[in-house]
Amino acid sequence: ETDRVTVNGGLVQYLKYEYYLLHKPAGCVSATNDNVHQTVMDYIVSDRKKELFPVGRLDLDTEGLLLITNDGDLAHRLLSPAKHVEKTYYAKIDGEVTETDVKQFLTGVDIGEEKLTRPAELRILSSGVQSEIELTICEGKFHQVKRMFHAVGKEVTYLKRISMGGLVLDASLEKGQFRLLTKEEIEGLRGIEKRSAS
């Protein structure tokens, strides 16, 4: 408990938990193993890879931010519907997205479930035959973004998650690349518990 191990002057420490930010490419599944498709874990290099898992899921053809960790408690908090953790997506839409859609998304959309979706913030980046938008939701229903747009007569042609719970996709990461989270990013995610309780 008192020894200090250093390599070339750098302190070597044991970390109980590991946290990675992965820029998920399309064509791989958000799972630890799969008999058909490549998985997000195939991109991660770690001595403790067998302990790691993706926090939540992105569809096969969806790209963007995915958190990989072995911290089950944090993963549970991030995914719990009660925490209302915000997730923001960039999407290309087949169809003209209008202010009517913005109001509809803020009210809630009928995607064929018992209740309407929770209020979502839809920002129009460009509108036309093909539109570009950013959408912030605080749920994680199956194919939710695609189902919301389908419900208003439009289709998602490209989808990318750009943030989750204050964690933002690193612009320097190419698709398939990953990096460790910074201390500040980890503390920010852990602070979700405190913010949701206040």
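Which side chains meet in a salt bridge at 3.2 Å, N to O? In this predicted model, the pair is Glu113 and Arg147. Glu113 lies in the loop between helix 2 (99–107) and strand 9 (121–126). Arg147 belongs to helix 3. Glu113 counts as partly exposed because its relative accessibility is 33%. Arg147 is partly exposed as well, with a relative accessible area of 23%. The pair also belongs to a network of salt bridges that links Glu113, Glu139, Lys141 and Arg147.

The count of salt bridges comes to 14. One of them joins Asp61 to Lys146. Their closest N and O atoms are 2.8 Å apart. Asp61 sits in the loop between strand 6 (53–54) and strand 7, whereas Lys146 sits in helix 3. Lys175 lies in the loop between strand 12 and strand 13 (178–180). Glu63 lies in strand 7. The pair therefore ties together parts that are 112 residues apart in sequence. Lys175 is partly exposed, at 49% relative accessibility, whereas Glu63 is buried, with a relative accessible area of 7%.

Glu63 also takes part in strand pairing. Its bridge partner in strand 11 is Lys160. Strand 7 (residues 63–69) and strand 11 (residues 155–164) run parallel and share two bridges. With strand 8 (residues 87–94), strand 11 pairs in the antiparallel sense over eight bridges. Within this pairing, Lys92 has Tyr158 as its bridge partner. Strand 12 (residues 167–168) also runs antiparallel to strand 11, and two bridges join them. Here Met164 stands opposite Leu167. Strands 11 and 12 form a hairpin, with two residues between them. Gly165 is in the turn and has a positive phi of about 55 degrees. In a regular strand, side chains alternate between the two faces of the sheet.

The largest pocket has a volume of about 690 Å³. Its lining comprises 33 residues. Nearest the centre are Arg57, Glu139, Gly140, Lys141 and Phe142. Helix 1 (72–79), strand 8, helix 3 (144–151) and strand 11 each give two or more residues to the lining. By class, the lining holds 16 nonpolar, eight polar and nine charged residues. Two of the residues nearest the pocket centre, Glu139 and Lys141, also belong to the salt-bridge network with Glu113 and Arg147.

Thr136 is placed in strand 10 (residues 130–137). The residue is buried because its relative accessible area, 9%, is under 20%. Its contacts, not counting residues up to four places away in sequence, are Glu86, Lys87, Thr88, Ala120, Glu121 and Arg123. Thr136 and Phe105 are 31 residues apart in sequence. In space, their C-alpha atoms are 9.9 Å apart.

Positive phi values also occur at two histidines. His84 is not a glycine, yet its phi is positive, at about 55 degrees. This residue lies in the loop between helix 1 and strand 8. At 35% relative accessibility, His84 counts as partly exposed. His143 has a phi near 50 degrees, again a positive value in a residue other than glycine. The loop between strand 10 and helix 3 holds His143. With a relative accessible area of 30%, His143 is partly exposed.

Terms used
Residues numbered from 1 in each chain as written. Predicted model: local features only at pLDDT ≥ 70, side-chain atom pairs only at ≥ 80, totals over all residues. Heavy atoms only, no water. Pairing = 2+ DSSP bridges. Helix = DSSP H or I, 4+ residues; strand = E, 2+ residues; numbered from the N terminus. 1 Å grid on protein atoms, 1.4 Å probe; cavity = no way out; pocket = protein on both sides within 12 Å on 5 of 7 lines; lining within 4 Å. Points joined across faces, edges and corners; volume = space filled by probe spheres on them. Nonpolar A, V, L, I, M, F, W, Y, C, P; charged D, E, K, R; others polar. Salt bridge = Lys/Arg side-chain N within 4 Å of Asp/Glu carboxyl O. Buried < 20%, exposed > 50% of the residue type's maximum accessible area, 1.4 Å probe, protein only. Contact = heavy atoms within 4.5 Å.
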